[in-house]
Amino acid sequence: MTMPLQTPVSFVDVLIIGAGPAGLMCGNALAVAGGIEVKIIDQRPSKISVGHADGLQPRTIEVLQSYGLAERLLYEGNHMYMCVRQETSTLNVPMFTTRVPDVSIPTARYPFKIALHQGAIEDAFLDSMAQHNLKVDRPVKPLAIELSRDQEELRSLSSYPIKVTLAHLDAATDADKLEVVYAKYVVGADGAHSWVRKAFGITMDGDQTNYVWGVVDMVPDTNFPDIRNKAAIHSMNGSLMIIPRESEKVRLYVQLSEKDIVDAATGRVSKSKSSPESILEVARKTLHPFHISPLSDIEWWTIYMIGQRVASKFSVEDRVFIAGDACHTHSPKAGQGMNASMNDTHNLAWKITQVLRGWADPAILRTYESERRKYAQDLIDFDKRFAALFSGKPRTSADQDGISHEEFFKAYRTAGGFTSGMNIHYSPSVIVNAKHQCCAETLVVGQRMLPQVFVRAADARPVEIHDLLPADTRFKILIFLGSMDEESRLLEISALADQLSSPTGFLRRYSTDGQASSSMFDLITIVAGRKENFNYLSVPLIFRPHWSKVLLDDTDVAGNKGGGGYKRFGISSESVTFVIVRPDGYIGMVAPADALGDVHEYFASFLLPCRLSSGF
């Protein structure tokens, strides 16, 4: 490749290739963190406005809330509370209609899913990024990428070991077309046909199924009574899923015949062999005796064949990472694609941030692949079972091998913890230590922090603990002090405060300004006490960095919210318990106060002593 003599050259901390959900989550997280030079590019000339992915799972809503983005999407999107399954007999007569909660996990803060087109979700990220002076450069295409082989350069935090040549597709002249970017890290979030993945020879392992589906977005005219519920219809004509969307729209997922859609020469689905009208005709046969037609023009449609694959690795030399569809593909039936993609980079961004700031050992970056690749493999295994279940024919007297009503819903309920994102469980690693799990039995180390309402000691205002755990790159240290009614407990708590105030303790050793609550740690204290008689000033100063950070495990003044947190979490009120919540909202460790040395060792395994001159 011949470079113009005046090819622009720039240096960035992180180059993100691809501005879909995974790329935008990453870009927004890094922009919000602050102090990081980020460049994000996308080959498309404009953002998408219709179609594509369309659902947010309960855990993803929690994650978006941690960035301050959920309220907007809760307002704009449709909330799906119920799931309906209907079976139709060979005579096209509905045999069974069953309605169950779409989210059956009792710990869900949001016991529903949001249906909203991908463009609206991306807009929330784009607007947030704009507030932090980050925008997507488009249309820009990567042409070449070179990763240094010099191990010293790869280990150096000050080096820019990745060279990427970019092409600006709308450049007025050839001289303006090319740009060279040197980056410390590259995140490839460039979709199922990832250029980054292919550039490094990373393979996608798995299978292509023979399940072919059509998708249609429209405002319907129908007499189907459950059109505003998530609905799965199984008949001898095939299967149909209905997703009620925003602004009266619905999305139809329609099972199609492979022989009519797949190009025999390429083995791929050919959109030229289908149309929205032909997809709707199949849908009508499946939905019969109910009718359905579009009230206006079809907004968007596509066809696809389900592929279930996982990349052989998610990173190269801890410098180049792939995320989202670039490293895992699966069916959209369980609503995991966009959700898994965003949670990939939610997991990655805080780790990159802490390494760039010199706070964490670069080895922490390896936990991205160990955590998210295992999840992706579990997702593919689940998706194989779920796609087969959803694509199968209903059981009848003539076909006992079909899927029974009971079998479908049993599998649906069993999978609820996985599909909702509530039960994602990261395995033990340097940032997941379950040694003292017994001191907080229901706060599972490696899983998300559970929601719970407490009341602020200073003003009795009820607060949801999740709202005190923003995705701001800090570790949240939840200190359950227990009861403070007895003198012996006050002495114990005072002695612990002295220990934690030591310059060699983890709070000060890894603090950028020598303070206990800092840009590395955020301390929140929870006391087993009553709002009517508790004085928050009785809590030692180190445990109350701000008046709003002392909470009580009590109900609000109306008696409707809060209370019972200690019991629910399996935490004793007769001793002190630490709950360490990672910056991504997952529990890294729980420990009793008499195991403070283990807490020190936990942080020492991946954090670096911070210099007081840090500007963060």
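Me: Which residue meets Arg 109 in a salt bridge?
Reply: This is a predicted model. In it, the N to O distance between the two side chains is 3.0 Å. A salt bridge needs a nitrogen within 4 Å of a carboxyl oxygen. The partner of Arg 109 is Asp 467.

Me: How many residues apart in sequence are the parts that Arg 109 and Asp 467 tie together?
Reply: Arg 109 lies in the loop between strand S6 (94-101) and strand S7 (113-115). Asp 467 lies in the loop between strand S23 (462-464) and S24. The pair therefore ties together parts whose separation in sequence is 358 residues.

Me: Is Asp 467 buried, partly exposed or exposed?
Reply: Buried means under 20% relative accessible area, and exposed means over 50%. Asp 467 has 39%, so the class is partly exposed.

Me: Where does Glu 62, the salt-bridge partner of Arg 448, lie?
Reply: The side chains of Arg 448 and Glu 62 meet at 2.8 Å, N to O. Arg 448 is in the loop between helix H12 (416-419) and strand S22 (453-456). The pair ties together parts that are 386 residues apart in sequence, because Glu 62 lies in helix H2 (residues 58-66).

Me: Is Arg 448 buried or exposed?
Reply: The cut-off for buried is under 20% relative accessible area. Arg 448 has a relative accessibility of 2%, so Arg 448 counts as buried.

Me: What is the relative accessibility of Lys 476?
Reply: Lys 476 forms a salt bridge with Asp 472, with the closest N and O atoms 2.9 Å apart. Asp 472 counts as partly exposed, at 24%. Lys 476 counts as buried, and its relative accessibility is 1%.

Me: How many salt bridges does the count come to?
Reply: Some salt bridges share partners. Asp 54, Asp 217, Arg 245, Glu 246, Lys 249, Arg 251 and Glu 299 are joined this way into one network. The count for the model comes to 39.

Terms used:
Residues are numbered from 1 along each chain as its sequence is written. This is a predicted model: local features need pLDDT of at least 70, side-chain atom pairs count only at pLDDT 80 or more; totals for chains, interfaces and linings use all residues. Side-chain values use heavy atoms; hydrogens and water are left out. Helices (H or I, at least four residues) and strands (E, at least two) are DSSP runs, numbered from the N terminus. Buried means under 20% relative accessible area, exposed over 50%, partly exposed in between (1.4 Å probe, protein chains only).
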